[in-house]
Every structure is written in structure tokens, then in C-alpha cells.
Amino acid sequence: MRNFSVAAAQMGPIQKNDSRETVISRMIELMDQAQKEGADFIVYPELALTTFFPRYYMEDQNDVDFWFETDMPSKKTNPLFEHAKSLGMAMSFGYAELTPEGRHFNTSIHVDKTGSIVGKYRKVHLPGHTEFDPKRTHQHLEKRYFEPGDLGFPVYRTLDGIFGLCICNDRRWPETYRVMGLQGVEMITLGYNTPSTNSQKSTEGPEKRMFHSSLVMQAGAYQNSTWVIGVAKAGIEDGHPLFGGSVIVNPDGEIVAQASTDGDELLVHSCDLDDTVFGKKTMFDFVRHRQIKHYTRITSQVGVELPKDL
Ligand code: ING
């Protein structure tokens, strides 16, 4: 038994004018509630410190950099780190990272109970576009404001198990889970900020969005026999709706807890990392079943290449 209690801390909307301090106090409130409910580890969303600013077209780099953190922890985020340490609570959360070299990433970290950053990840799959697109009901400019992550999909040992991170759009790509699965991952934590409606396809509403979001996390969990914790930033941010649907998915791909609101909401569930063992020893015992000589297209091709004789 390698049991511990996870709190998926879904966050409601963060408005453009909300200060980092206001957000940090909301995160601390959720952490206190998680502590009361016996959680050892709290998981916050993608870009948890600010509104989802990639929905706005900006040209002035100073306007863009306003949304980024140059230090982690910093004066503004230290209270969160100190509070977690005082409670002996591990945590993971996402933020916009501006490195000393001036590089911009959509980043997530895992901080252990002693306050050390034990895991760091920079979002690899950036959705959306780089220039203003007048055809869209709202912009999605992650390709404009972030570079693709340069850390790969690392795993790290903490809480007596093997953990990994990914972020939002990453959850839609099977490669994300498999690369971590091939490193023995037992729990993947991810945050997301997903618009309720498609800016290009008016027929796609929140139900379809929610279906796809759960589908990909359940598949990733099952196909790699790992826990997946998916945590939304939800609600209406300055008129732009994001959907919730945060989930805790077990290594069988079953949703064991799901958010029912679009606000700040805590899901607490006891997770046993040993629940990953059966799948890794049977159906997804990769070394016994995978035939990699037939998989070469997956890393040798970016896009579709029709066979010559097709
Ligand atoms: N958000 C979305 C996501 O992958 C998106 C991007 C929007 C995908 C709409 C599909 C449809 O959940 C982020 N931040 O990646």
C-alpha cells in the first residue's frame, strides 16, 4: 500500500484585474480546506496565478511579460510556499515562466512537503495560433507567447512514487502519457484552461468539450496504468467561459472524483500508487507486448505522409 490523499483544487475564474496576491490567498484557502480534509498533496490548474491571458492579442512585450514570473518562488508567491511547508503539504501548480535568458514557457512545478521544487515541466504542445485571427470569436495565442517546452516529459521520485507533469493541450496527445509511461510513471498531474466553446466551430459546446477532456485523460491513465489528476481553471473570465470538469482518474481509467461546479472546488481522494502495478504487469507490461519496429512513424514523421501507392 502506498496510499496518500490527493486534493484536486479546481479554481474558478481569475479576472484580468485580479492581483497575484488575491489569487494566492484563494489558493491558500483551498489548501487549508485540503488540509482539513486530510490531503497530503494539492494540485492546482495551468496558469494558476493569472487570468488565461493568451486569449488577448498583445504587441507590446512589456504587456506580455506582465503575466510572467521571473522567480519561483518570489515575494508574491512565497506565502504559498511558506504556508504549504507549514502544513507539510506537497503541491503542484502552473504559471507563466520568464527565464533569465528571456525565454517564455507555460510551466508547471511539483513542490514537495519540505518546500523543494522536485519536478518542473514546460508545456510541449501549444495550441492555437501566433497572429490575430479575425475569424475567431476569441483568440488563443499560446504559440505567440510561449516557446514549446525544452525539458521533454521528465518523471521524478517523490511521495514514495514516480510522478510526472503535463499541461492542458498535452493531455490530448497520447505521446505525452506514453513517454512518461515508458519511464514508469505512477501519477501524472496536469492543469488546464479550456474555453467552453470552440472559437472556430460554433456547433461544439461545453458537453463535447467535457467529453473530450475526460476521454483523453481516462485513455492516458488506462493505457499507461497510471493515476491522472486533471484540474481546471473554470468559470467566466472577463466574459470568456472556461469549463470545469476537474477529475481524478485511477490507473484503470475510471473517474473516481469529478468537479460539479465551475468555481473553486476541492476533490479529495485517497490514491494508492500500488493500484498501478497490476496493469503494468499484465495488459501494459510494455517490454512484453510492444513491437517498436512498427512504430517508427511516430518519431520520424511530424505530419501525415500518404504512402506512395495510396
Ligand atoms: N487549452 C485548450 C486545451 O487543449 C483547446 C486548447 C481549446 C483545445 C479548444 C481544443 C479546443 O484544452 C489549452 N490551454 O491548451
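I looked up Arg20 and found it in helix α1, residues 20-36, where helices are DSSP runs of H or I with at least four residues, numbered from the N terminus. I note that this is a predicted model, in which local features need pLDDT of at least 70 and side-chain atom pairs count only at pLDDT 80 or more, while totals for chains, interfaces and linings use all residues. Residues are numbered from 1 along each chain as its sequence is written, and side-chain values use heavy atoms, with hydrogens and water left out.

Is Arg20 buried or exposed? I recorded Arg20 as buried because its relative accessibility is 10%, and buried means under 20% relative accessible area with a 1.4 Å probe and protein chains only. Its side chain reaches the backbone oxygen of Phe66 at 2.6 Å. Beyond neighbours within four places in sequence, Arg20 has contacts (heavy atoms within 4.5 Å) that include Leu49, Thr50, Trp67, Glu69 and Lys76.

I then turned to the ligand, which 14 residues surround, the closest being Glu142, Cys168, Asn169, Arg172 and Thr194; a residue is near a molecule if one of its heavy atoms lies within 4 Å of it. A polar side-chain atom of Glu142 lies 2.8 Å from a ligand nitrogen, and a side-chain N or O atom of Glu46 is 3.3 Å from a nitrogen atom of the ligand. For Thr194, I noted 2.6 Å between an N or O atom of the side chain and a ligand oxygen. Taken alone the ligand exposes 360 Å², of which the protein buries 86%, with areas from the Shrake-Rupley method and a 1.4 Å probe.

Methods: Polar contact = N/O pair within 3.5 Å; in protein donor to acceptor, adjacent residues only side chain to side chain. Helix = DSSP H or I, 4+ residues; strand = E, 2+ residues; numbered from the N terminus. Buried < 20%, exposed > 50% of the residue type's maximum accessible area, 1.4 Å probe, protein only.
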